[in-house]
Amino acid sequence: MSAIFRAIDSLNRRVGTSTFGRIFRLEGSGHDFEIKDTKFTTELRAGLTTFFTMAYIIAVNATILSDTGGNCVHRSLITATAAVAGFSCFLFGFLTNMPVCLAPGMGLNAYFAYQIVGYHGSGTVSYSMALTAVFIEGFIFIFLSLIGMRQWLVKIIPVSLKIAAACGIGLLLTEIGLGHSAGIGAIQGASTTPLEIAGCPDEYRDENGLCLSHRMASPTMWIGIFGGGIVTAYLMSYKVKSAMIAGIALVSIISWPRDTSFTYFPHTPEGDDRWNFFKQVVNFHHISTLNVLDWNVTRASSHFVVALFTFLYVDIIDCTATLYSMARFSGVVDQETGDFPRSTLAYCIDAFCISIGALFGCSPVTAFIESGAGIAEGGKTGLTAMTCGLCFFVSMFFAPIFASIPPWATGCTLVLVGCLMMRQIVMINWQYIGDAIPAFVTVVFIPFGYSAAYGLIAGLMVYAVLNGLIYITKFITRGYIVPDDEDAREYWTIKPHGKLPWFITASQAVAHKFGYGDTDDLKHEDSSLRSVRSRDRFPNRSQNSDRELDTVSTMPKHPGDEKTFRSL
């Protein structure tokens, strides 16, 4: 074993010191911005981990989109999903050097299939026309990214809400892992309560997939808990590398033999279909959904516009928040500016892949929160995403194997990643009610609303209303009525640090050209100077929270600073 470890270390050193290592800023590359503790083999392992936790999307996305009918063929969509995911992951990793993977998003695909197109085309827009809306949406996103709107949107979101969004996504991952479609099936929806205990064998489910009896008696659930959960957590406690991959592989291999109570291929029509597909091992199905966009939008122009703008406002929050949360989880967010390297390029590639996905017949592509599994495994560079992309490309030809990874094999892995993402919840400013309540709403609404977009929107609305009322009260009373804990308030400004969006700097340049620039500049400088003086004078109030905090701490208060706004 020592010889193997020496060979691996030697490989890592050779790759790290090569031109290849310098491109991806691996440890030992000598790059000015070299990333610490990055090794070639670690990145490969992290990419494999992310792929195994994302592999369910190959079959699940195809199943959901095939419900729309029309041009949709299940086997074709399996190939299309793998192709889009592979292309998106590889391109994103190569150009941004970030360990974030992209694929057609869960939630967005269900909204596309059941709300926009409808079951077997019963919705307001046809499948082909909905793809056209997705295609156009991608280029609108590119424009918004180039002018800096998406970056600016992330920067002006209060720090606690950005942290809360990442924690809420962790809970959403946990909910997915505990659910039935992509997890161990321990919970389900209910008619009298939002959620209830499930975990029954498939023969005891009704036509809607809800358990009628024998709850918590499913062999697959317990195999997933012990094989994919307890074993993986046990290996993680000893810092065993590839712990998540080992757990997923263990449960998958155990679940493949047919004549067991926990097989993925039961003797049913659905099980027989899976088994016949699995036996092919190598299979490539042509993509019949390639370039089926319908540009005759005049047939249903109003419904098309509604679908387009619905995708826009859901995606701009969902994709942006998820991508930022993964960047923060990977530790590349700059503490001063609240931005991450190559953010404009990252947002543009994300948007470009949305349009490419539409050409292949897929719903909107987004950054996958399962990327957290690879990041937790040690992935820090784009090699992680590129490895995952290569695995998706391979899965196009070995789709029978990768489409046969049971959901209960990856369910507990998602729960463990959710646990890792929840650890940063202590960084939320719980001391001031104006920061704590909106953050809490964001944390709980993301999993309960099953949407990162709507959860963040809910938190922003509560933040704006609550703090707006506090500001109005303080303004009307000339600062005599203020919250008792306002000294613990996070500093927030609509003019965040860093480079302003292009459309703002361009307008300032035009104003300056026509003789209005000096006044605006003076106002901006005076406002900035007063802002700095205010933070210097009242340090307790800001807590330096205009920076991306690593910890939330309260500085000792001086009696003279108490209710300082009363004197303003």
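There are 9 salt bridges in this structure, which is a predicted model. As background, side chains of opposite charge can pair when their charged atoms come close. A few of the pairs are worth a look.

**Arginine 45 and glutamate 377**
- These two side chains meet in a salt bridge, at 3.3 Å from N to O.
- The pair ties together distant parts of the chain, 332 residues apart: arginine 45 sits in helix H3 (residues 40-54), while glutamate 377 is in the loop between helix H15 (371-376) and helix H16 (382-395).
- Both arginine 45 and glutamate 377 are buried.

**Lysine 474 and glutamate 486**
- Lysine 474 makes a salt bridge with glutamate 486, and their closest N and O atoms are 3.1 Å apart.
- Here the partners are 12 residues apart, with lysine 474 in helix H20 (residues 452-476) and glutamate 486 in the loop between H20 and helix H21 (502-513).
- Lysine 474 is buried, and glutamate 486 is too.
- Shared partners join Lys474, Glu486 and Arg489 into one salt-bridge network.

**Arginine 299 and aspartate 294**
- Another salt bridge joins the side chains of arginine 299 and aspartate 294, at 2.0 Å from N to O.

- Mean pLDDT for the protein is 81, with 87% of residues at 70 or more.
- Over residues 518-568 pLDDT stays under 50, and the model has 90 contacts beyond four places in sequence for this stretch.
- Where pLDDT is low, the predicted coordinates should not be read in detail.

Key
Residues are numbered from 1 along each chain as its sequence is written. This is a predicted model: local features need pLDDT of at least 70, side-chain atom pairs count only at pLDDT 80 or more; totals for chains, interfaces and linings use all residues. Side-chain values use heavy atoms; hydrogens and water are left out. pLDDT is the predictor's confidence in each residue, from 0 to 100. Contact means heavy atoms within 4.5 Å. A salt bridge is a side-chain nitrogen of Lys or Arg within 4 Å of a carboxyl oxygen of Asp or Glu. Helices (H or I, at least four residues) and strands (E, at least two) are DSSP runs, numbered from the N terminus. Buried means under 20% relative accessible area, exposed over 50%, partly exposed in between (1.4 Å probe, protein chains only).
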